[in-house]
Amino acid sequence: MSARRGCFTLRSTHGKTVRVCATIANGRIEHLTITGDFFGEPVEAFRKLADELIGLGADDADEIRKKVSGFLKENVKWIEGISEEDLGKAILECVRRLSEN
């Protein structure tokens, strides 16, 4: 199976956007980036979160949600403009769309 690449942008009810770009290969997350016009600290935590998700099964929504939630609680001091749910939803939707046949 060849790798599929794509992005998904979510506009939060909090007024900001989060954009997730991913590569899915062999049913797993191979690459992921998280960007947007939201604010959070430390800034590098969002890159580290993306790295933490690499290797997870693209169809394992529960594990992805768990990783996102746990990582944010442990590593992000504050986030503004999007919620934890918004971030998880954007990641899951990007991965879901790329996993569809």
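Is Cys 7 buried, partly exposed or exposed, and at what relative accessibility? I looked this up in a predicted model. Cys 7 comes out at 38% relative accessibility, so I log it as partly exposed. The cut-offs I used are under 20% for buried and over 50% for exposed.

**Entry: the disulfide**

I searched for disulfides and counted one. Cys 7 and Cys 21 form it, with their sulfur atoms 2.0 Å apart. I read 105° about the S-S bond, and the link is right-handed. Cys 7 sits in strand 1 (residues 4-11) and Cys 21 in strand 2 (residues 17-25), so the pair ties together parts 14 residues apart in sequence.

**Entry: Cys 94**

I found Cys 94 in no disulfide. The nearest cysteine sulfur belongs to Cys 7 and is 6.2 Å away. At 2% relative accessibility, I note Cys 94 as buried.

**Entry: helix 2**

Next I took helix 2, residues 61-75. I count 15 residues in it. From first C-alpha to last, helix 2 reaches 21 Å, close to the 21 Å expected at 1.5 Å a residue.

Which residues of helix 2 are buried? I list Ile 64, Val 68, Ser 69, Phe 71 and Leu 72. Looking down the axis of helix 2, I see these buried residues within an arc of 165°, so they line one face. On the other side, I mark Asp 62, Lys 66, Lys 73 and Glu 74 as exposed.

I also looked for what covers the buried residues of helix 2. The cover includes strand 3 (28-36), helix 1 (44-53) and helix 3 (84-99).

Terms used:
Residues are numbered from 1 along each chain as its sequence is written. This is a predicted model: local features need pLDDT of at least 70, side-chain atom pairs count only at pLDDT 80 or more; totals for chains, interfaces and linings use all residues. Side-chain values use heavy atoms; hydrogens and water are left out. Helices (H or I, at least four residues) and strands (E, at least two) are DSSP runs, numbered from the N terminus. The expected span of a helix is 1.5 Å times one less than its number of residues. Buried means under 20% relative accessible area, exposed over 50%, partly exposed in between (1.4 Å probe, protein chains only). The arc is that of the directions from the helix axis to the C-beta atoms. Contact means heavy atoms within 4.5 Å. A disulfide is a pair of cysteine sulfur atoms within 2.5 Å.
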